[in-house]
Amino acid sequence: AHEGILRRQSARESAARTYARALPIVPVRARGMTIEGADGRRYLDCLSGAGTLALGHNHPVVLEAIRAVLDSGAPLHVLDLATPVKDAFVTELFRTLPAGLADHARVQFCGPAGTDAVEAAFTLVRAATGRDGILAFSGAYHGMTSGALAASGGARDVRVARLPYPQDYRCPFGVGGERGAELAARWTESVLDDPKSGVPEPAGMILEPVQGEGGVLPAPDAWLRRMRRITADRSVPLIADEVQTGVGRTGAFWAVEHSGVTPDVMVLSKAIGGSLPLAVIVYREELDAWQPGAHAGTFRGNQLAMAAGTATLAHVRENRLAERAADLGAHMLRQLRRLAGEHACVGDVRGRGLMLGVEVVDPEAPAVSAGEPIVTLAETARPAEEQPRPAAPRLAAAIQRECLRRGLIVELGGRHSSVVRLLPPLTITDEQAAAVLDRLADAVDAVSG
Ligand code: PMP
């Protein structure tokens with residue numbers, strides 16, 4: 001069965017297939033962090049549906065919540081009508097919101113993917129401000145939609161300006177650390193204040209508190225607070241895309257809480273649906289400039305996803321799984337630093353909570369000055385030997401394959417697909433964490449020759 005399924009799917013599915021290419025397995029059963037393939041092999045899953053499975057696969061509280069809806073005879077599809085299931089979800093969601101938002105927030109159900117909620121956030125801030133531009137950051141990932149609203153008529157073009165996202169290892173200013181983040185913030189400020197910069201009048205600024213697909217890049221708290229000030233001073237709504245960072249993943253229930261920043265809009269998906277598709281935006285009520293029907297969608301009311309989401313949010317909150325993610329993540333990061341010390345092909349390790357990344361580089365190639373050389377300030381740049389080595393995507397892919405052979409599923413991310421990403425469920429045990437680190441270390445050993 002295993003080989004036949006793989007063969008048929010690769011023959012019939014589109015050339016855009018992603019995970020299935022790098023991970024030729026056929027999952028047939030899963031529980032917690034473990035996936036079992038059709039060939040009987042078992043894997044520890046550090047992909048977790050790209051960060052969706054906060055409680056791992058088929059957690060009993062999630063299954064029970066889904067069964068309860070199925071057994072109750074409640075309708076499974078009612079568009080966005082009011083239901084007890086939705087009422088419970090919204091109540092639990094608001095219980096978790098950052099303090100500054102919870103009392104004055106509105107929720108809009110979008111449907112059903114993260115990218116839909118991002119689009120909704122843009123539509124909202126454009127309606128609220130009357131402006132068109134969106135400020136976004138280099139390396140960002142917000143989804144894959146484009147054009148549907150334009151094709152329906154009436155949509156004005158979204159004009160996006162890309163600003164430098166702070167990062168330590170491949171700092172666009174060649175300096176890293178707090179100084180690099182400070183330069184990135186100043187760059188943003190000067191571009192916004194320069195009428196000749198060509199940056200469109202901003203309706204909003206969207207950022208990921210930790211870039212995920214971009215290669216696990218945690219934004220420094222000071223930089224996030226600075227973005228909050230910059231946007232507040234200019235009356236530009238700040239949109240936090242917490243599609244991947246939300247629900248405890250980074251060691252706080254929402255990643256913006258580390259910095260104390262209260263965004264105007266939060267974009268939420270993935271884990272909030274407890275492994276079923278669900279996406280919402282939550283925003284300050286003053287921004288609710290929408291007319292009835294200004295944002296629609298057939299699948300905004302998935303009752304099973306709401307029930308699974310309610311159970312997940314409550315379980316993470318009641319069991320303090322965000323704290324667990326913070327503690328275990330810090331421990332795993334320390335272990336990964338040791339791995340980096342032992343292997344020249346590990347250029348950098350980083351992360352926050354249980355969102356961890358290992359950047360694979362070519363140790364023999366000469367150092368490069370910057371990942372995205374927006375500008376290099378010669379007087380502040382790090383010495384050449386401290387500059388990052390070039391990304392090594394082929395080596396990263398080899399590590400991913402070696403991990404799979406050892407029963408460990410990992411994802412690759414980053415602009416060059418050279419960052420091994422670890423997104424285990426928040427329910428991962430100490431023993432499973434040790435096994436993940438062992439298998440990864442063995443895989444790195446194997447490719448290091
Ligand atoms: N925003 C972020 C931060 C994401 O990580 C993703 C998906 N990886 C999205 C948006 C898009 O979500 P979806 O794939 O559900 O459209």
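What you're looking at is a predicted model, where local features need pLDDT of at least 70, side-chain atom pairs count only at pLDDT 80 or more, and totals for chains, interfaces and linings use all residues. Residues are numbered from 1 along each chain as its sequence is written.

Switch to cartoon view and you have 14 helices and 17 strands (DSSP runs, H or I of at least four residues for helices and E of at least two for strands, numbered from the N terminus). The radius of gyration is 22 Å, close to the 22 Å from the globule rule for 449 residues, so the chain is as compact as a globular protein of that length (the radius is taken over C-alpha atoms, and the rule is 2.2 Å times the number of residues to the power 0.38). Buried residues make up 48% of the 449; buried means 20 or more other C-beta atoms within 10 Å of a residue's own, exposed means 12 or fewer, and partly exposed is in between, with C-beta atoms placed from the backbone.

Now select 430-448, helix α14. Its 19 residues reach 27 Å from first C-alpha to last, close to the 27 Å expected at 1.5 Å a residue (the expected span is 1.5 Å times one less than the number of residues). Color Gln432, Ala433, Val436, Arg439, Leu440, Ala443 and Val444, which are buried. Look down the axis of α14: its buried residues fall within an arc of 135°, so they line one face of the helix (the arc is that of the directions from the helix axis to the C-beta atoms). Turned away from that buried side are the exposed Asp430 and Glu431. What covers the buried residues of α14? Show β3 (42-45), α13 (393-405) and α12 (321-342), which are among the elements that do.

Pick out its buried residues: Leu321, Ala322, Ala325, Leu328, Gly329, Met332 and Leu336. Viewed down the axis of α12, they fall within an arc of 125°, so they too line one face of the helix. On the other side of α12, Asp327, Arg334 and Gly341 are exposed. The cover over the buried residues of α12 includes α11 (303-318), β14 (355-360) and α14.

Conventions:
Contact = placed C-beta atoms within 7 Å.
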